[in-house]
Each structure stands twice: as structure tokens, then as C-alpha cells.
Amino acid sequence: MRVVVLCSSPYSETGCATTARLAQLGHSPVGAITLPSWDQATLVRKLGQWGLRDSARYAWSKLSPAKTTTPKQTRNPYFETALRQGHNTFRNLHDVAVAHGFPVVVTADQNSQKSIAQMQEWSPDLAIFTGGHILRKPLLEVPRLGVINSHLALLPEIRGMSSPEWSLLCGVPLGVTVHFIDAGIDTGPILLRREFLGAAECGSMLDLRNRMIAYGIELVCEAVAALAVGTISPVPQSDRDRQNQFFVMHERLKTQATCRLKKIGLAAASKFDA
Amino acid sequence: MSNFFNRDPRAATDRTSKALTEGAGLLRGPHRIFPLLLKLTSDGLRRQFQQQHLYSYANTTRPTADALRSLIRWILNAQRPDGGIAAFYSLLSGYSPSYPEVTGYIIPTLYDFAHLTDDESALHAAERATRWLLSLQMASGAFPSGLHTREETPSVFNTGQILQGLVRAYAETKDADILARATAAGDWLTKIQQPDGSWSGPAAYQEVAHTYYSMVSWALVLLSEIARDHRYAMAADKNIDWALTRAKSGGWIDGINLRGYPNFLHFIAYVIQGVLECGILRRRSDVIQAASKPAWLLLRRFEITKRLLGTYEPDFSSGRDFTCLTGNAQMACVWSRLFEATGDLRYLNAALKMNEMLKQLLQVRGRRGVVGGLAGSDPIWGAYQPLRYISWGCKFFADALMLEERLTRFVEASECAS
């Protein structure tokens with residue numbers, strides 16, 4: 001199975017962990033296409049998402065001198081296994097590429113002619129999207145099977161942004177869906193759809209997200225393996241036109257979602273005690 | 001609102017002369033030049049450097065209570081000696097005279113604020129405003145159009161908007177005279193209603209029917225409840241049924257019908273708001289559904305692009321690139337009420353973010369008339385009420401913030417209880 005990984009930045013931990021984990025499981029990518037590390041739009045978005053302090057800490061963790069005796073800490077602690085190599089930790093996509101021998105192409109736009117031409121040259125069976133721009137039809141049509149994505153909620157119930165938070169507030173079970181990307185927002189055919197059962201152990205919303213992202217990478221690898229041997233086939237979403245797109249959640253509602261998460265933990269603890 | 005400002009549809013010269021008159025205000029008050037230049041510069045710079053992204057407006061940047069207090073302070077400052085509220089504060093000519101229509105529907109906002117914060121000054125302002133409005137009522141029961149002292153022709157829209165204030169004033173004071181005046185206004189409205197449910201003719205703006213008169217229907221439903229007279233609700237139902245015959249399959253409700261002017265978001269939001277409130281009060285799911293279609297469409301646009309355009313062509317196909325802040329505040333109210341009606345938290349989420357966006361545009365510093373106020377447009381030179389801070393913008397934003405406080409408390413309380 002020829003696989004290409006699409007990343008939002010060479011420093012994207014999700015991108016690095018996905019490529020590293022694929023390689024560990026014997027599906028080393030034929031190449032990776034990434035947006036530049038200083039893509040202005042991404043930078044502005046990350047500043048908005050994380051705030052100045054967290055963004056600065058993250059930048060320092062990535063850009064500080066490489067040769068230290070202690071391994072670098074990952075932002076997502078559940079990526080440790082995927083990103084650890086001996087005493088070192090992969091700091092960026094280039095590190096992973098060197099270790100596993102695949103090329104990395106940097107492009108300012110994943111939908112650009114350059115990006116499409118590179119994909120055509122690699123002629124992949126499958127592409128894995130780990131972040132970046134909204135993908136357009138010309139790019140989506142290049143891989144033989146399509147482009148897959150890991151979505152942090154059960155589809156088709158919760159589409160769009162802040163999906164774990166919306167799942168909690170709407171009373172939809174937490175879960176991860178691996179699906180093909182089509183022209184809509186999270187409306188493509190589904191490959192794998194699994195409930196996430198570890199919510200009770202999560203100390204915070206960030207912890208929940210981190211665990212779900214790591215779980216999503218495992219599901220993506222499972223889907224790739226199953227597609228390679230032909231034991232899985234995509235199932236179109238039944239209610240494609242339903243208005244179940246969700247958007248970035250305001251912090252006042254996020255507080256309520258966190259409340260729900262804590263209740264799940266408390267309920268599990270009291271059940272255990274009983 | 002603001003029929004006055006769009007008074008003559010045919011003459012561009014009229015608009016030019018108004019602009020010149022307002023511009024002449026700068027000669028009478030040269031001290032206004034500095035705030036004007038400051039605002040022009042700051043809006044220009046902000047537009048140049050502002051970067052919106054997926055996570056814009058998802059965090060609280062200014063406490064809601066603080067923003068609400070500043071808006072109400074702006075409204076109280078705009079109350080004229082006669083008791084009416086000025087339509088606007090112009091950066092060129094200062095405060096306008098009292099405007100009956102706006103004064104009417106600001107009354108419920110003042111009462112809501114007074115109850116929320118035990119603020120006596122808002123209570124007194126509401127009472128003064130009511131007394132002033134009663135002094136303007138015509139023998140027919142109607143209220144006049146335009147700014148005070150300008151016109152003595154009856155106006156359907158102004159009567160409806162003032163009726164909202166009178167109904168609330170009666171609910172608060174139980175003054176029989178106020179109820180009698182309110183029913184006189186309601187009787188006049190039902191009397192001149194067309195057989196198809198619309199209002200047209202000499203008392204309608206440009207003498208044609210408008211779907212944004214759904215706001216008049218909302219006032220009639222409120223009157224019907226307080227006067228316990230079903231006739232007013234029937235008249236409102238009839239008007240809403242007529243308005244919904246203008247609804248297109250894509251959600252657009254046609255019939256704003258302002259000849260010579262674009263469809264400002266303010267008027268689009270009026271249509272939706274009036275229809276929705278009638279649907280909620282009359283418990284008509286078909287009407288709520290009709291209002292939710294365009295509201296959802298605008299919600300998606302706001303969530304995806306983080307802004308709404310200042311005007312829209314029919315079917316929301318395109319529009320002009322500026323922000324009609326009043327329309328945005330109205331949409332925050334609409335989304336909040338849709339959350340109440342449907343329980344769909346995405347509406348509340350969008351309202352919270354819209355409120356954040358508007359909070360960031362409230363003037364924190366400046367002279368009286370500017371500080372705490374909401375401008376007509378962003379940037380200030382945008383096509384809707386350029387170079388003005390407008391009282392109805394402050395009113396709708398204050399309503400939106402009070403809804404936010406009430407609904408988030410409700411969500412938090414139900415979360416704790418569950």
C-alpha cells in the first residue's frame with residue numbers, strides 16, 4: 001500500500017506521530033507533504049487556539065537546541081511511544097523522514113499545482129490527512145482509494161469542530177471515526193467508527209483530546225492495514241444532508257462540557273466503589 | 001427601524017443634502033474633529049491588521065456585565081430633556097433630537113436592565129420615556145413618523161415599535177391609562193391592516209407593504225396577551241402568514257421593499273426577529289421553522305467567515321463588504337431565542353461569539369456620545385448609518401447581552417442539577 005501523509009506543519013505532532021506509527025507498523029509512507037512551519041494563517045490560528053503563552057512554550061520546545069541529554073517532552077503525552085526513538089524524540093517530520101527514509105515536500109498550499117504534481121509522481125493508493133487546508137477535488141482525486149481523516153467524534157452525529165466537547169454536551173457517546181474526505185465537511189464514507197471508552201480516566205478536556213487523537217492514530221493505522229488486505233470497505237453516511245455541522249465552541253460552553261466530563265469520571269468512580 | 005434615515009428613495013440629492021447638513025455640524029462643533037479623526041484612523045488600522053481565524057471570538061475578552069453597563073450608560077446619556085431618546089450621536093453633528101420609535105422599544109430594555117441590576121436610573125428613564133411617548137400619540141391612536149417635531153403623519157412601523165414599549169410599561173406599572181393608549185394604538189393598526197394581512201398605504205413607509213413589519217405583529221401579540229383580546233393576535237397571525245408567503249425555499253424572506261436602498265442586515269434581522277417572536281409567543285412551529293432557516297444560514301456564514309456582510313442580495317447570494325453592527329446584535333438575539341425555542345446549543349454558541357465580536361468594537365474611551373456606544377457600521381464609514389453611534393444598536397446589543405446572561409445561567413444551572 002503506497003501511502004502519503006498530509007501535515008499542517010513539519011512540527012505537527014499529530015503528523016509526526018501518524019507517520020512514525022505507520023512506519024513502526026510496516027506501512028512506511030512513500031512521502032509526506034506539509035505546509036511550512038511559519039505558515040502565517042496557521043500561526044495566527046494556533047495563537048488563537050492556544051494563546052500566546054502556550055504557543056511560545058511550544059515553539060521553544062521545538063526550536064531549542066537539539067543536543068540535550070534528556071528526551072524532549074511531547075505536547076501530547078500519549079504520543080511518547082510513537083515519537084520516541086531510543087533516547088531521542090522525533091522533533092519534526094524531517095526527523096521521522098530521515099529515520100524511516102521517505103521524502104518530505106513543503107508547500108504553501110496543499111491544493112497547489114506543486115502539491116498535486118508531487119502526489120501524482122508518488123502515485124499513492126491512499127493519502128492520510130492529519131491537518132492543513134480544506135482539501136479540494138483535484139487533490140482528493142489523485143490517490144487511488146482517496147484521502148482519509150480521523151475525526152474525533154462519531155459520524156454522522158457530530159461533524160465539524162470542537163467535536164469531543166459537542167459530543168459531551170449533546171449526549172452523544174464519545175468516539176472516533178476514520179472516514180474518506182469528500183467535498184463536504186466530514187460527510188465522506190466511513191471506514192471505522194468506534195466509541196472511546198477511556199473518558200472516565202481523563203482529568204481534563206485537554207487530556208481527553210490528547211487521548212482521543214492518539215486513539216485516532218491507532219484507528220488510522222488499523223484502517224490502512226485493513227485496506228491493504230482488502231478486509232474493509234467504506235460505508236456512505238446515511239444522512240449526508242442533515243444539519244449536524246458543529247463549530248468551534250465558546251469557552252463558556254466548554255466549561256459545561258468539562259463539567260460533563262468530570263461527571264463521567266465521578267460516576268465511574270462511584271460505580272467502582274460500589 | 002430608521003425609516004427616517006431612508007426617507008426619500010428617489011432623490012440621491014436628499015441623501016447628499018443630509019450629509020452636507022450633518023457635515024456642517026462639524027463647523028458648529030470643531031471640537032468633534034479630534035474624535036472623528038481618531039475613530040477613522042483606529043478603524044482603518046484595525047481593518048488593515050485584523051486577522052480572523054477559526055478560533056476568533058471563542059474566548060471572553062471583556063466581562064458581559066461590564067459591556068452591558070456601558071451600553072445602558074450610553075442610552076441614558078442619549079435621553080434628551082423631553083424624555084425621548086436621541087436616534088444617534090453623530091461624529092459630525094452630535095446628538096440628534098429624540099426619536100419616538102426607538103424610544104418606544106428601548107423601554108423594555110431599560111426595564112430588563114433595571115430588574116437585572118436594581119438600577120433606579122434605568123427605571124426612571126423608562127418612566128420618563130413612556131410619559132413623553134404618551135404626549136405624542138395622535139387622536140387616531142397612531143404615533144407619528146420621523147424624528148420628533150419633524151412629521152405629523154401616522155406611521156405603522158413607529159406605532160408598532162412604540163406599542164412594544166407601552167405594553168411593557170403597562171406590565172410594570174399597571175397604569176390603566178397606558179393600557180388604554182396601547183389598545184388605541186393596537187386598534188388603529190388592526191383597522192388599517194389590509195385584507196391580505198399586510199400594511200400598505202399612506203401610513204406605510206414608501207406606501208408599500210414590508211415583511212419587516214413582522215416587528216409590528218410581535219407588538220400586537222404582546223398587546224393581545226396583556227389586554228386579553230384575541231383580535232390583536234389574529235391580526236398578527238394574518239400578517240405573519242402574509243410574510244411567510246414571501247419566504248423562498250432557500251430561507252430568504254422577500255419583501256423588505258425599501259426602494260433605492262440595499263437590504264441592510266438590520267432589516268433582514270428585523271424580518272427574522274419579528275417572525276420568530278410571533279412564532280414563539282403563538283406556539284406555531286411552522287413559523288419558528290420559517291425563521292430558523294435564514295437564521296441558520298446566517299449562523300453558518302458567521303461561523304465559517306467570522307463575519308456577516310452589511311447587506312445581502314436576495315437569497316443571500318452576495319452583499320456589501322462592511323459590518324452592520326445593529327444587524328449583528330439582532331442576530332445574536334435571534335440565535336439566543338432560537339436556542340430557547342429549540343434547545344439547540346449551536347445557536348447559543350454563535351450568539352456568545354457574536355457578542356464577543358461586538359464587545360471588542362464597543363468604544364471603551366472617548367467623549368459622551370461615543371464612549372460605551374455601538375457604531376452603525378464597522379468600519380465607521382460603512383454604508384449603514386456612517387459616522388454615527390446609534391441608540392437602537394445599543395438597545396439590541398444590550399438585549400443580546402441580557403439574553404446571554406440569562407441563558408448561560410440557565411445552562412449552568414441545568415448542568416449542575418443534572
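This is a predicted model: local features need pLDDT of at least 70, side-chain atom pairs count only at pLDDT 80 or more; totals for chains, interfaces and linings use all residues.
User: Where does Gly376(B) sit in the chain?

Analyst: In a loop of chain B, between helix H13 (345-361) and strand E6 (377-378).

User: And which residues does Gly376(B) touch, leaving out the ones up to four places away in sequence?

Analyst: Leu325(B) and Thr326(B) are on the list, and so are Tyr384(B), Gln385(B), Pro386(B), Arg388(B), Ile390(B) and Gly393(B).

User: How far is Gly376(B) from Thr323(B), in sequence and in space?

Analyst: They are 53 residues apart in sequence, while their C-alpha atoms are 8.6 Å apart.

User: You mentioned Arg388(B). What stands opposite that residue?

Analyst: Ser90(B) does, with Arg388(B) sitting in E7(B). Strand E1 (residues 88-90) of chain B pairs with E7(B) in the antiparallel sense, and there are 3 bridges between them.

User: What's the strand order in that sheet?

Analyst: E2-E1-E7 in chain B, an open sheet of 3 strands with antiparallel pairing. Strand E2 (94-95) and strand E7 (388-390) are the edges; each has a single partner strand, so one side of each has no neighbour in the sheet.

User: OK, switching to chain A. How many helices and strands are there?

Analyst: Chain A has 9 helices and 11 strands. Its radius of gyration is 19 Å, close to the 19 Å the globule rule gives for 274 residues, so chain A is as compact as a globular protein of that length.

User: What box do its C-alpha atoms fill?

Analyst: Roughly 55 × 50 × 35 Å for chain A, taken along the principal axes.

User: What share of chain A is buried?

Analyst: 43% of the 274 residues count as buried. On contacts, if you take those in chain A between residues at least 6 apart in sequence, 70% join residues at least 24 apart.

User: Let's look at E1 in chain A. How many of its residues are buried?

Analyst: Strand E1 (residues 3-7) of chain A has 5 of its 5 residues buried. Val3(A), Val5(A) and Cys7(A) point one way from the strand, with Val4(A) and Leu6(A) pointing the other way.

User: Which strands does E1(A) pair with?

Analyst: One is strand E6 (residues 126-129) of chain A, parallel over 4 bridges. In that pairing Val3(A) is opposite Leu126(A). Another is strand E2 (residues 31-34) of chain A, which also runs parallel to E1(A), joined by 4 bridges. There, Val4(A) has Gly31(A) as its bridge partner.

User: How does the chain get from E1(A) to E2(A), and what's the hand?

Analyst: It goes through helix H1 (residues 13-24) of chain A, and this β-α-β crossover is right-handed.

User: What does the domain assignment say for chain A?

Analyst: It gives domain 1 (1-144) and domain 2 (150-274). The C-alpha centres of those two domains of chain A are 22 Å apart.

User: Last one: how covered is H7 in chain A?

Analyst: Mostly covered: helix H7 (residues 163-170) of chain A has 7 of its 8 residues buried. Among them are Pro164(A), Glu165(A) and Trp166(A). Just after H7(A), Gly171(A) takes a positive phi of about 75°.

Conventions
Residues are numbered from 1 along each chain as its sequence is written. Chains are lettered from A and ligands numbered from 1 in the order in which they are written. A residue is buried if 20 or more other C-beta atoms lie within 10 Å of its own, exposed if 12 or fewer, and partly exposed in between; C-beta atoms are placed from the backbone. Helices (H or I, at least four residues) and strands (E, at least two) are DSSP runs, numbered from the N terminus. Two strands pair if DSSP finds at least two bridges between them. A crossover is right-handed if, with the strands pointing away from the viewer, the path from the first strand over the helix to the second runs clockwise. Two residues are in contact if their C-beta atoms, placed from the backbone, lie within 7 Å. Domain bounds come from an automatic or database domain assignment. The radius of gyration is taken over C-alpha atoms; the globule rule is 2.2 Å times the number of residues to the power 0.38.
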